[in-house]
Amino acid sequence: MDSVSRTLQDQISELLKPHRVCVVTPVVMNHSSQPCGRSANRFVVLSLWRGYLVINKQPVRVESTFSYLEICSINIHSLTQIVLETDRQTLSFSVSCVEDLEAMVSHITASLKRIFPDSSPGKLLKTIPPDLQQRLLTLTGVIEEQFNSQPGSCGGFSDTYAALCDFNEMPFREEIQWDVDNIYYTHNSKQFNLQDFSHLESRDLALAVAALSFNQWFTRICCKELKLSVDVQQQLTFLLSRSPSLKELSLEASGLKLDFAIKMAAALREHTSSALRSINLTGNPIEDKGVIALSQELGNLAEGLKHLSLSRVSMTARGLGCLSQLLSSNQLFSASLTHLDLSGNPSSLVTEEATFLFKFLSSTNSLCHLDLSDTNCPLDTLFVSLSAGCCYKLIHLNLARNPFSHRKVRDVTKTILEFFSQSCELKYVSLSGTKLPPQALRYLLQGLATNTRLFGLELDLSSCELRSAGAQVIQEHISEATAIKTLDISDNGFENDMVTLVLSVGRCHSLRRLALGRNFAMKSRNFTLQQVSLPLADITQSYRSNPDRTKEALHKIQQCLDRNNQRQSDRVELQQVLRTQQSEKLVQGMCRQLEDSLQRLNHFSIQEVQADILTTHEVLHNARESIKLLPSLYEAGRKCASDGDLVNSILTNAAMALTNEFTQSIQEMAQGLMRCAEAVCPRVVQRSSVCECLSESVSKRCRQTHTFLRSTLVESTGQIVINRLRELRQTMSVSLAESIIEQVQQDLTMAQDKM
């Protein structure tokens with residue numbers, strides 16, 4: 001660049017912004033590559049990932065451009081003449097000196113090495129003059145050795161990603177670079193989680209996956225419940241066909257179907273030196289054809305598989321039979337496979353195809369985790385295989401919701417006892433929902449009772465329909481099964497056996513947790529609870545996974561609370577009615593008694609007695625009028641003006657005031673966070689996407705605050721206050737009525753005494 005004036009360099013830099021200019025070399029184009037056979041002065045300008053042919057004429061402009069990824073070969077015909085072959089064009093030009101030629105070659109070589117860390121860009125030098133050969137090969141060799149010894153953050157992922165963005169003319173997403181170079185690198189994380197970038201458009205995410213194809217840092221790619229677009233799926237299959245370092249692929253419930261499984265199989269067939277050891281395609285309906293296609297290629301993996309999860313993939317007995325045949329026929333899997341999950345594929349272990357899986361389990365293997373729940377696996381047959389080959393390493397065994405047998409036989413195999421007595425590492429066993437026969441349960445507990453190697457076992461026997469016969473077996477053997485730490489026997493119809501069962505279980509001193517729920521024949525509809533505080537985080541998480549059911553549940557909860565509040569009000573009114581009736585009966589009885597006394601004294605004419613009789617008549621009159629007054633007093637209290645509008649107005653204003661305060665606090669906090677972030681990484685924070693993300697987050701939190709405060713103050717608390725005020729008003733009329741009744745009763749009692 002020394003031979004180019006500073007002014008011209010500034011003009012070229014301005015022209016190519018935002019690309020950073022690294023090398024500017026004056027060249028003369030050879031006639032063969034010039035239109036009309038003319039030769040003219042040009043500049044070859046090299047940026048980080050792209051080269052430009054710039055016309056040396058004011059104003060300067062770009063004549064053509066090429067990405068370094070397009071270069072097929074570099075041919076040097078003399079000390080100053082070079083020919084670049086790309087996918088779209090051939091550029092032949094001469095430089096002024098050999099130093100310019102070396103600068104161009106070294107820059108292109110270094111850039112390609114940064115893009116593809118596992119490559120040897122020096123191989124692009126197809127033609128080199130003898131007097132330059134050793135010099136250039138040494139130069140490119142030094143460059144490659146330097147990059148091999150000092151790779152970039154996370155294996156140079158960001159450089160590869162930036163170059164691919166440039167090649168595909170896609171915007172460079174700085175948040176991807178920042179997360180990888182800072183978060184992933186700082187935590188030494190070798191797992192690339194696609195969910196970390198779920199906010200990106202599918203094309204941007206696809207480019208990030210494409211960059212992983214040339215990366216040796218990341219060894220695991222995962223995502224869960226993130227639907228992957230066709231673009232991303234294509235890049236994943238390309239990655240599988242060439243990645244030198246990928247060991248684990250976990251794409252759980254990612255919307256993958258049969259096509260992806262077939263392409264994945266083809267990629268594995270193409271990549272003969274794949275390092276893949278773990279595959280998790282749980283929740284993707286790849287069907288039998290997809291499973292069969294994969295099974296045909298898994299046997300070619302040099303080191304075998306360590307982890308295989310094909311849960312809920314719409315696989316039938318046909319697909320599982322093909323997979324099982326591979327497992328049983330390839331000795332490599334017996335030594336390598338430690339985790340096998342085939343759960344959630346109903347009826348996949350019903351036919352004779354299952355014998356291949358049983359054969360694999362019967363032979364010596366390395367399985368630590370086995371999940372065959374919801375496969376219609378016959379447990380009586382399975383335990384024969386488990387006792388033969390899975391006793392020494394198996395830690396986790398899930399056989400839930402399977403039939404005990406496909407045959408109608410009364411005898412229970414003793415291999416259950418053998419398996420549980422010989423197991424060495426078991427920590428978790430689930431037989432939930434298996435309708436376990438009492439004799440099978442007896443063998444299970446007897447096996448655990450004789451096993452002195454196991455401890456801390458979690459045993460799930462829920463929903464097995466054990467009933468009284470099963471309860472009797474547990475009572476007889478549970479105290480001896482000291483390996484059990486956690487026991488779940490809920491939902492087993494133990495209603496009539498609970499007392500003796502609990503006493504027996506209490507004698508098992510190793511037990512630390514016991515689940516007994518759903519064994520009691522009773523229903524609980526709470527009529528006294530008037531308010532409940534639901535955690536907002538739980539509601540939010542539930543709403544994301546199932547918004548309709550969450551809304552329905554919240555609506556039902558509110559209906560029940562409203563009902564309970566109304567019942568409380570109705571209860572007060574009912575008590576008032578009962579009091580009225582009791583008071584009326586009591587006063588009426590006293591009046592009749594006083595009238596009888598008056599009747600007996602009517603023939604007396606003594607003046608003093610006549611005065612008392614008149615007073616008594618007045619008391620009777622007042623008593624009868626009081627009885628007539630009681631219903632009107634109670635009705636006046638019941639129909640008193642509602643305070644609802646006033647209460648709601650006051651609480652609404654309070655909620656708004658609090659909302660304004662909290663909103664201001666949240667906004668001030670966001671501004672403080674932005675200032676802190678700008679001080680550390682100004683370029684990233686100044687991007688509009690970051691600002692928009694934070695602004696959206698602030699708006700969301702403010703809306704949540706407003707909703708929460710209004711719900712808490714106006715809807716919940718407001719209703720409580722309104723109900724309480726109504727009760728207080730009603731108690732005023734009740735208090736007045738009761739004081740009147742009390743005075744009437746005193747007057748009647750005094751009159752009766754006089755009579």
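1. The model is a predicted one, and it holds 16 aromatic pairs. In one of them the ring centres of F66 and Y68 lie 6.4 Å apart with the planes at 55°, so this pair counts as tilted rather than stacked, a term kept for planes under 30 degrees apart. Both partners are covered: F66 is buried at a relative accessible area of 2%, and Y68 is buried at 1%.

2. Y184 and F192 make a stacked pair, with 5.8 Å from centre to centre and 25° between the planes, and both of these residues are buried. The two rings also belong to one aromatic cluster, which is formed by F157, Y161, F172, Y184, F192, F197 and F218.

3. Two lysines are placed over aromatic faces. K190 lies over the face of W217, at 4.5 Å from the ring centre, while K427 lies over the face of F455, at 3.8 Å from the ring centre.

4. Helix α4, residues 157-167, is mostly covered, with nine of its 11 residues buried. The buried residues are F157, S158, T160, Y161, A162, A163, L164, C165 and D166, of which F157 and Y161 have already been named as members of the aromatic cluster. The elements that cover the buried residues of α4 include the strands β3 (50-55), β4 (61-67) and β9 (191-193), together with the helices α2 (98-115), α5 (174-186) and α6 (202-212).

5. Just after α4, the backbone at E169 takes a positive phi of about 55°, although E169 is not a glycine. E169 lies in the loop between α4 and α5, and its relative accessible area of 72% makes E169 exposed.

6. A positive phi is also found at S347, which is likewise a residue other than glycine and has a value near 65°. S347 sits in the loop between β14 (339-341) and α12, and at 39% relative accessibility S347 counts as partly exposed.

7. How do α12 and α13 pack, and at what angle? Helix α12 (residues 354-362) and helix α13 (residues 379-389) have their axes 7 Å apart at an angle of about 25°, which makes α12 roughly parallel to α13. The contact brings F358, L361 and S362 of α12 against T381, L382, S385, L386, A388 and G389 of α13.

8. For helix α15 (residues 438-450) and helix α16 (residues 467-477), the axes come within 9 Å and cross at roughly 15°, so that α15 is roughly parallel to α16. The crossing in which α15 passes α16 is right-handed. On the α15 side the residues are P438, L441, R442, L445 and Q446, and these meet A469, G470, V473, I474, E476 and H477 in α16.

9. Two cis peptide bonds deserve a look in the backbone. One joins K17 and P18, with omega about 5°, and P18 is found in the loop between α1 (6-15) and β1 (21-29). The other runs from Q58 to P59, with omega near -10°, and P59 lies in the loop between β3 and β4.

10. Last, Q133 has its place in helix α3, residues 130-149, and counts as partly exposed at 39% relative accessibility. Q133 and I76 are 57 residues apart in sequence, and their C-alpha atoms are 9.6 Å apart in space.

Note on methods
Residues are numbered from 1 along each chain as its sequence is written. This is a predicted model: local features need pLDDT of at least 70, side-chain atom pairs count only at pLDDT 80 or more; totals for chains, interfaces and linings use all residues. Side-chain values use heavy atoms; hydrogens and water are left out. Rings of Phe, Tyr and Trp (its six-membered ring) pair if their centres lie within 6.5 Å; planes under 30 degrees apart count as stacked, over 60 as edge-to-face and the rest as tilted. Buried means under 20% relative accessible area, exposed over 50%, partly exposed in between (1.4 Å probe, protein chains only). A charge sits over a ring if NZ of Lys or CZ of Arg is within 6 Å of the ring centre and within 35 degrees of the ring normal. Axes are lines fitted to C-alpha atoms, for helices over the stretch in contact, and angles run from 0 to 180 degrees between N-to-C directions. Helices (H or I, at least four residues) and strands (E, at least two) are DSSP runs, numbered from the N terminus. Angles under 35 degrees count as roughly parallel, over 145 as roughly antiparallel, 65 to 115 as roughly perpendicular and the rest as oblique. A crossing is left-handed if the near helix is turned anticlockwise from the far one by less than a right angle, and right-handed if clockwise. Contact means heavy atoms within 4.5 Å.
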